[in-house]
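Here's a quick briefing to read alongside the model. Have the sequence and the 3D view open as you go.

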Amino acid sequence: MREGKHRTRQPLPLLVHGGPGRAGGGEEMGGIRGVKHYMQRVAVQGSPTMITGLTHTYQPRARQAVDEKHPFRKYFEELQIGDTVITHKRTITEADISNFANLSWDHFYAHTDHTSLEGTLFEKPVAHGYLILSAAAGLFVDAGKGPVMLNYGLEECRFLKPVYAGTTIGVKLTCKEKYPRKKLDTDIPRGIVKWYVDVYDNTGESVAIATILTMVQAKAEPGSAGPGYAVVRH
């Protein structure tokens, strides 16, 4: 320890101990902070399609594959990253907004009170974000019985633009990621699929984006789904 430094070393490396540099061990060199000095961030540059291929994760604006078979009709092994369905469109009405407020009990003023919008971001009552997600699900879901077993969750949801009554929306649903699940003795072979949901309006601009997860039946043990996929337990 350098002269003039009279600090006692601490037995716990995560605690702040000593001054900068080597004097007293150095505050910035304690615990994980010291490890980070030997690490650096890197970036992979390339087109969205190329990065999708490298990471096995769909990147927005990457190439999408649209065919006649709805992705919800494909088993886990059959689904490919980038498989996409482009839905029909639906116009959101004032009745939709009112009915959703009554069904959900969400009567937040921005959805239901024309008189309270002065000084806000909204020109008129706006559709609930979860109404938009629900309407999107109604557009992209294939109603028949198939390999999709259940809704597993929701991630990374963002509402990007107000949707007013009279706005027409459509959805692009794209297979984003696949995660095989370890099959137990009594299990149905299955995996988890993440879907990139892009809800857009009649101007072509995105009004909401989200990642939804579904559990999808596999034809066989999904542990051999191919390179780039890790078997996980839930």
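A residue counts as buried under 20% relative accessible area, as exposed over 50%, and as partly exposed in between. Glu78, with a relative accessible area of 28%, is therefore partly exposed. Keep in mind that this is a predicted model. With that said, here's the rundown.

**Overall layout**
- The protein has five helices and seven strands, and along the sequence they run α-α-β-β-β-α-α-α-β-β-β-β.
- Of its 234 residues, 36% count as buried.
- Take the contacts between residues at least 6 apart in sequence: 64% of them join residues at least 24 apart.
- The accessible surface is about 14700 Å², and carbon and sulfur atoms account for 53% of that.

**The nonpolar core**
- The largest nonpolar core has 27 residues, and those with the most contacts inside it are Ile92, Ile132, Phe140, Leu173, Trp195 and Val199.
- H3, H5, strand S5 (168–180), strand S6 (190–201) and strand S7 (206–217) each put in at least two residues of this core.
- H5 gives the largest share, with five residues.
- Beyond its neighbours within four places in sequence, Leu173 touches a list of residues that includes Phe72, Val85, Phe140, Trp195 and Ile212.

- Asp96, Ile97, Phe100 and Ala101 are the buried residues to look at in helix H3 (residues 94–104).
- Those residues sit on the same side of H3 because they cover an arc of only 130° around the axis.
- As a reminder, an α-helix has 3.6 residues a turn, so residues three or four places apart point the same way.
- On the face turned away from the buried side, H3 carries the exposed residues Glu94 and Leu103.
- The packing partners of the buried residues of H3 are strand S3 (90–91), helix H4 (109–112) and helix H5 (129–140).

**Salt bridges**
- There are 12 salt bridges in the structure.
- Glu78 and Lys219 pair through their side chains at 3.0 Å, N to O.
- That pair links distant parts of the chain, 141 residues apart: Glu78 is in the loop between strand S1 (65–66) and strand S2 (83–86), and Lys219 is in the segment after S7.
- While Glu78 is partly exposed, Lys219 counts as exposed at 54% relative accessibility.
- Lys161 and Asp201 form another salt bridge, at 2.8 Å, N to O.
- Lys161 lies in the loop between strand S4 (148–159) and S5 and Asp201 in strand S6, so this pair ties together parts 40 residues apart in sequence.
- Asp201 counts as buried at 5% relative accessibility, whereas Lys161 is partly exposed at 28%.
- Asp67 and Lys74 meet at 3.1 Å, N to O, and together with Asp83 they're linked in a network of salt bridges.

**On the surface**
- Val44, Met50 and Leu54 make a nonpolar surface patch of about 300 Å².
- Leu54 sits in helix H2 (residues 48–55) and is exposed, with a relative accessible area of 56%.
- Lys183 is in the loop between S5 and S6 and is partly exposed at 29% relative accessibility.
- The C-alpha atoms of Lys183 and Ala220 are 9.4 Å from each other, with the two residues 37 apart along the chain.

Terms used:
Residues numbered from 1 in each chain as written. Predicted model: local features only at pLDDT ≥ 70, side-chain atom pairs only at ≥ 80, totals over all residues. Heavy atoms only, no water. Patch = residues over 30% accessible without salt bridge, like charges linked within 9 Å, V, L, I, M, F, W, Y side chains within 5 Å. Areas by Shrake-Rupley, 256 points an atom, 1.4 Å probe, with all protein chains shown as cover. Salt bridge = Lys/Arg side-chain N within 4 Å of Asp/Glu carboxyl O. Helix = DSSP H or I, 4+ residues; strand = E, 2+ residues; numbered from the N terminus. Buried < 20%, exposed > 50% of the residue type's maximum accessible area, 1.4 Å probe, protein only. Arc of directions from axis to C-beta. Contact = heavy atoms within 4.5 Å. Core = buried A, V, L, I, M, F, W, Y, C linked by side-chain atoms within 4.5 Å.
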